[in-house]
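Please read them with the structure open beside you.

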Amino acid sequence: MDYVSEFRDKTLIAPLLAELKQTLTRPLRLMEVCGTHTMAIFRHGLRAILPPEIELISGPGCPVCVTASSHIDGFLDVAQRDGVRVAIFGDLFRVPGSQSSLARAQAAGAKVEIVYSPMDALTLAEKHEGEEVVFLAVGFETTMPLVAATILEAGRRKLAHFSVFSAGKIMPPALHALLADRELALDGLLCPGHVSTIIGAEAYEPLVRDYGISCVIAGFEPVDILQAVLLLARQKRDGRAEVENGYARAVAWQGNSRARQVMNEVFAPVDTPWRGLGMIKASGMAIREEFACFDAERKFAVRLPESIEPKGCLCGEILRGRKKPQACPLFKSRCTPMDPVGPCMVSSEGTCAAYYRFGEGR
């Protein structure tokens with residue numbers, strides 16, 4: 001098999017579906033943790049072809065969506081200061097904080113630039129020596145090794161006017177917080193493929209041990225996802241709960257130790273707020289003391305305000321898997337991709353954006 005086209009082969013999908021139907025012994029509630037999985041499931045029409053006994057619930061795996069409004073407010077605080085130019089990924093541009101967004105700040109005169117990698121922000125710093133260039137870092141274990149490498153490179157280049165405002169997050173603590181909510185009554189997790197390339201399949205073993213939940217790592221093509229659902233269904237049929245790697249062409253059992261080494265060299269775990277999940281112990285990534293000169297929060301003495309969610313917005317409940325977008329009174333009325341109220345409608349990996357773009361599904 002190659003890495004894309006053959007994992008979209010329709011001739012492979014039919015037998016997977018047939019076996020899945022035969023394997024099901026009862027209805028299953030499965031959560032796709034990753035926002036990229038949510039989009040892939042909608043884009044390939046998988047909800048429509050899965051047996052009706054399978055209920056898919058979207059989880060907290062969109063890094064932009066789970067960024068608390070207090071962090072957005074902190075980003076705005078820095079962006080609106082004189083002599084500052086901030087660099088961000090595009091998904092963050094229109095995400096609302098308590099009062100405003102970076103898009104509105106730019107319209108009001110703030111220097112906000114969209115970049116495609118943390119290293120692009122470093123290039124910006126080299127072009128603008130008379131300004132402080134701040135990269136607003138949002139992401140999970142997939143992204144943060146690149147941010148760490150950028151900070152190390154800034155040190156080598158002695159770019160004293162470059163810094164990072166870290167809102168990076170660690171996924172396993174959030175999954176523990178999520179699974180502690182027994183009302184979710186999940187039967188299994190489709191574990192995120194991208195994050196798993198870094199943390200490895202072994203990172204989910206504590207979830208199996210502590211919660212008895214079945215975990216299967218999935219790739220992002222239709223065959224990958226259906227195969228992962230089938231593996232979860234087999235575990236439930238057989239009365240097993242274990243970690244299985246359905247994305248072995250990209251994910252190793254022990255992950256990417258070099259990426260984790262770079263990430264851990266620069267960042268240390270810290271308690272941090274998640275939108276919808278609240279404050280989670282040791283789930284954030286703070287810049288270590290030895291790299292304090294590249295820490296924008298310290299340079300600008302930022303104090304994060306209390307998070308204030310938009311009135312009526314159910315993004316928090318949706319990120320916890322407790323509600324679906326149709327349950328939000330703002331969905332498709334006050335909240336649309338053109339005029340979003342909450343982050344789940346803004347991000348390209350957001351659950352509300354997926355339901356809006358592809359239809360509500362079932």
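1. A salt bridge here is a side-chain nitrogen of Lys or Arg within 4 Å of a carboxyl oxygen of Asp or Glu. One network of such bridges links Asp181, Glu183, Glu317, Arg320 and Arg322. Over the whole structure the search finds 25 salt bridges.

2. On the source: this is a predicted model, in which local features need pLDDT of at least 70 and side-chain atom pairs count only at pLDDT 80 or more, while totals for chains, interfaces and linings use all residues. Residues are numbered from 1 along each chain as its sequence is written, and side-chain values use heavy atoms, with hydrogens and water left out.

3. Arg320 lies in the loop between α14 (315–319) and α15 (351–358) and Asp181 in the loop between α8 (171–179) and β7 (188–191), so the bridge ties together parts that are 139 residues apart in sequence. Helices (H or I, at least four residues) and strands (E, at least two) are DSSP runs, numbered from the N terminus. For accessibility, buried means under 20% relative accessible area, exposed over 50%, and partly exposed in between (1.4 Å probe, protein chains only). Asp181 is buried at 16%, and Arg320 is partly exposed at 22%.

4. Which residue forms a salt bridge with Arg29? The partner is Glu55, with the closest N and O atoms 3.1 Å apart. Arg29 is in strand β1 (residues 28–34) and Glu55 in strand β2 (residues 54–61), so the contact joins parts 26 residues apart in sequence. Arg29 is partly exposed at 23% relative accessibility, and Glu55 is partly exposed at 29%.

5. Glu131 and Lys111 form another salt bridge, with a closest N and O separation of 2.5 Å. Glu131 sits in the loop between α6 (118–127) and β5 (132–137), and Lys111 in strand β4 (residues 111–114), so this pair ties together parts 20 residues apart in sequence. Glu131 is buried, with a relative accessible area of 13%, whereas Lys111 is partly exposed at 36%.

6. Aromatic pairs: rings of Phe, Tyr and Trp (its six-membered ring) pair if their centres lie within 6.5 Å; planes under 30 degrees apart count as stacked, over 60 as edge-to-face and the rest as tilted. The count comes to six aromatic pairs. In one of them, Phe75 and Phe165 have ring centres 4.9 Å apart and planes at 90 degrees, so the pair is edge-to-face. Phe75 belongs to helix α4 (residues 69–79) and Phe165 to strand β6 (residues 162–166), so parts 90 residues apart in sequence are tied together. Phe75 is buried at 0% relative accessible area, and Phe165 is buried at 0%.

7. Is the pair of Phe140 and Trp274 stacked or edge-to-face? With centres 6.0 Å apart and planes at 20 degrees, the rings count as stacked, because of the cut-off on plane angle. Phe140 is in the loop between β5 and α7 (144–157) and Trp274 in strand β10 (residues 267–274), 134 residues apart. Phe140 is buried at 6% relative accessibility, as is Trp274 at 2%. Elsewhere, ring pairs link Phe42, Tyr355 and Phe358 into a cluster.

8. A charge sits over a ring if NZ of Lys or CZ of Arg is within 6 Å of the ring centre and within 35 degrees of the ring normal. Lys169 places its charged end over the ring of Trp274, 5.8 Å from the centre. Lys332 lies over the face of Tyr356, at 5.9 Å from the ring centre.

9. In helix α2 (residues 35–43), eight of the nine residues are buried. Among them are His37, Met39, Ile41 and Phe42. Gly45 follows α2 and has a positive phi, near 70 degrees.

10. All five residues of strand β3 (residues 84–88) are buried, so the strand is largely enclosed by the rest of the structure. Val84, Val86 and Ile88 cover one side, and Arg85 and Ala87 the other. Two strands pair if DSSP finds at least two bridges between them. β3 runs parallel to β5, joined by four bridges, with Val84 partnered by Glu132. β3 also pairs with β4 in the parallel sense over four bridges, where Ala87 stands opposite Glu113.
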